[in-house]
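Hello,

Here is the structure I promised to pass on to you. Please open it first, and then read my notes below with the picture beside you.

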Amino acid sequence: MEPRVGTHADRAYKGQVDLFLARLPGATVTSPRSLTLSVGVQSIGAGYVSLGTPYTPNDIEGFDFRSQLRFQRWSLQVDGFNQHDNLLGQKLGTTDRSQLGVSLSVQPSRAWQTTLRATTVGMLRATDDSLGAIDYGARTLSASQAWIASAGSRVRSVSASYSWQESADDNPLKASSAFESHNADVRVAFALGAQASITPTVG
């Protein structure tokens, strides 16, 4: 019996660039202003296998980013990514995935903070196979309010949150997977001494 000998090689790379501006124009000691920006790229070949991390997904390429603008009383964050597979064109269809999110956090006073978040997610695969075709999209909106009481109060904090989510696949064969949901809750934290508390939740 003649043994079979073969070789296999592929490549993978990942990079990231971070930028931090600690003092934007107009910033002062009592009114800080800063900007953080991070951008990353990655490409993992279809035949790449890592012996150190065997569960690393392969056949994927894309980029991601995150940015945050901070002021004294509020901050704004934008983040997202986009990636696709089928780097060698060997599959029947290419799957594209993307996400974009925006968050706004405002603190009008030391005791009160509000946060808003909006996210959209998409996945698209164009193929002649109608069962394998995907045109999925999801959207999420959330809002939360938090109030922290002064020291010595029996009520330590009160928070309320609400979220809405909608998702659907425009592929007619997957129309039944569409759904919409609403969630809301209110939490009140009561002090049970210096080191303990209880937080009933209604939602």
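To start you off: which residues does Val-39 touch, not counting residues up to four places away in sequence? The answer is Gly-15, Gln-16, Val-17, Asp-64 and Phe-65. Please keep in mind as you look around that this is a predicted model.

With a relative accessibility of 36%, Val-39 counts as partly exposed.

Now for the whole chain. Along its principal axes, the C-alpha trace spans about 85 × 45 × 40 Å.

A few totals go with that picture. Of the 203 residues, 21% count as buried. The chain exposes about 14000 Å², and carbon and sulfur atoms supply 59% of that area. If you take the contacts between residues at least 6 apart in sequence, 44% of them join residues at least 24 apart. As for charge, there are 18 positive and 17 negative charges, and their mean positions are 17 Å apart.

Next, the aromatic rings. The count comes to 1 aromatic pair. Its partners are Phe-71 and Trp-74, which are stacked, with 4.6 Å from centre to centre and 10 degrees between the planes. Are these two buried or partly exposed? Phe-71 has a relative accessible area of 25%, so this residue is partly exposed. Trp-74 counts as partly exposed too, at 32% relative accessibility.

From Trp-74 you can move on to Thr-94. These two are 20 residues apart in sequence and 40 Å apart in space, C-alpha to C-alpha. Thr-94 sits in the loop between β4 (74–84) and β5 (95–109), and it counts as partly exposed at 29% relative accessibility. Leaving aside residues up to four places away in sequence, Thr-94 touches His-84, Asp-85, Asn-86, Leu-124, Arg-125 and Ala-126.

One of those contacts, Asn-86, deserves a visit of its own. Asn-86 is also in the loop between β4 and β5. Its phi is positive, about 60 degrees, although Asn-86 is not a glycine. At 13% relative accessibility, this asparagine counts as buried, because buried means under 20%.

Asp-59 is another residue to look at for its backbone. Here phi is near 55 degrees, a positive value in a residue other than glycine. Asp-59 lies in the loop between β2 and β3 (60–70). With a relative accessible area of 8%, Asp-59 is buried.

That is the end of the tour. Have a look around, and write back with any questions.

Best wishes

How values were computed
Residues are numbered from 1 along each chain as its sequence is written. This is a predicted model: local features need pLDDT of at least 70, side-chain atom pairs count only at pLDDT 80 or more; totals for chains, interfaces and linings use all residues. Side-chain values use heavy atoms; hydrogens and water are left out. Buried means under 20% relative accessible area, exposed over 50%, partly exposed in between (1.4 Å probe, protein chains only). Contact means heavy atoms within 4.5 Å. Accessible areas come from the Shrake-Rupley method with a 1.4 Å probe; for residues, only the protein chains shown count as cover. Lys and Arg count as positive and Asp and Glu as negative; His and the chain ends are not counted. The place of a charge is taken as NZ of Lys, CZ of Arg, CG of Asp or CD of Glu. Rings of Phe, Tyr and Trp (its six-membered ring) pair if their centres lie within 6.5 Å; planes under 30 degrees apart count as stacked, over 60 as edge-to-face and the rest as tilted. Helices (H or I, at least four residues) and strands (E, at least two) are DSSP runs, numbered from the N terminus.
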